[in-house]
Amino acid sequence: MKKINIKQDIINIPLSRNPDTFGKLDNLDGDLKLLRSVIDNDFSHIIITDNNGHILYANKSSEKITGFTNEEIIGKTPTLWGKQMPSIFYENFWNTIKEKKSIFIGKITNQRKNGELYEAEIKVSPMLDNNGEIQFFVAIEKDITKEKEIDKAKNEFISLAAHELRTPLSTISLASEMLLRGIVGDVSKENKKYLKTIFMEIKDMAEMIEKILDFSQIEMGRFHIIKEPTKLFDIIEKSIHEVQANLKNKKISLKKDYKKNLPVINLDRKIMKIILENLLLNAIKYSPKGSGIIFGVEENKKNVIIKIKDNGIGIPKKDQPKIFTKLFRANNVFSIKTEGSGLGLYFVKNLIEQSNYKISFKSEENKGTTFFISIPKN
Ligand code: ADP
């Protein structure tokens, strides 16, 4: 059997830009017919468009997912079921696939013919000819509405459970504090030691419950963003203060590369603290003892750019595209025996997107990592 060179053979399929003749692939030999039938029947919604986005081919799932018939789809653009996202999303989308000629991967909300909104993961790849010109775009879309609903139910349960735990925990905390302070009678030195342990553990547990609550709210997109004019300097100093103990434990020095008169920006303080503390704690966790971290801030006309640079273990190149994915931890973290959940960066990315900020990073294994956050000034 002839081996299929998928990319080459697809490019060589005698495609016509005329929607009437596109897809009439009867002259193909066995292997390609098989390939065509696989694509036709794939669970994902697959379309091929010309370089202006006009649809030349749509598989069967496209009809099932969008609700439009093949006749209604061919010749149109994906705006038929699109147009639900903010314009910045589409600007970035077209810029990626048409200007940069790169692959776009992302999540999108679309609308079926019956008006129902659905969520999908999309991957759009430009197909280039030998001169590097775009010939077609291939878009693969997976409907993730069901997964999202299950996730939502799971999060609602977690949120409810965390809420329910809050009240008894604060009662236990109060009772142990009263005992510890001798308010209800003398406590021996030995017993005080145990009470102190109970009190500290409850405090940690309460903090964890708050975190779980925050995370479940973020996941459900219900984390209320309350932006107010905030001195960036103050929020940075507070975040650094929160991680002092961790810095001290690993004898890591933190260089502050920013001035005192940083601008006042409209931002949500709680969110900014979560973002900065997560990045700082990671920088500490993945750095060797005695190393250094630089916290820098730069400004241009429109944005403030925060940089957190470490000299730690770095992120292996092959793991870099997955770093913001839920529960993902790179392979090299296991060699240094660190605790972690792979959730921090996932939530940071979530918060950054909800706040309209941008996050990026550069990293080299065994050399270090720098995270950049860009925040609009207005
Ligand atoms: P974790 O709880 O594992 O730290 P995160 O979501 O915060 O989870 O980070 C995901 C993964 O990204 C980490 O497990 C690690 O592989 C990598 N990572 C994040 N920050 C750094 C860093 N500063 N240096 C090296 N690797 C990092």
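Tutor: Helices (H or I, at least four residues) and strands (E, at least two) are DSSP runs, numbered from the N terminus. The model is predicted: local features need pLDDT of at least 70, side-chain atom pairs count only at pLDDT 80 or more, and totals for chains, interfaces and linings use all residues. Residues are numbered from 1 along each chain as its sequence is written, and side-chain values use heavy atoms, without hydrogens or water.

Student: Where does Thr369 lie, then?

Tutor: In strand S12, which covers residues 368-376.

Student: Is Thr369 buried or exposed?

Tutor: Buried (under 20% relative accessible area, against over 50% for exposed and partly exposed in between; 1.4 Å probe, protein chains only). Its relative accessible area is 5%.

Student: What does its side chain make a polar contact with?

Tutor: The side chain of Ser363, at 2.8 Å. A polar contact is a pair of N or O atoms within 3.5 Å; within protein, one must be able to donate a hydrogen and the other to accept it, and residues adjacent in sequence count only if both atoms are side-chain atoms.

Student: Changing topic, the ligand. Which elements each supply at least two residues of its shell?

Tutor: Helix H10 (269-285), helix H11 (344-354) and S12. H10 gives the largest share, 3 residues.

Student: Which side chain has an N or O atom 2.9 Å from a ligand nitrogen?

Tutor: That of Asp310. A polar side-chain atom of Lys285 lies 2.9 Å from a ligand oxygen, and a backbone N or O atom of Ser341 is 2.8 Å from an oxygen of the ligand.
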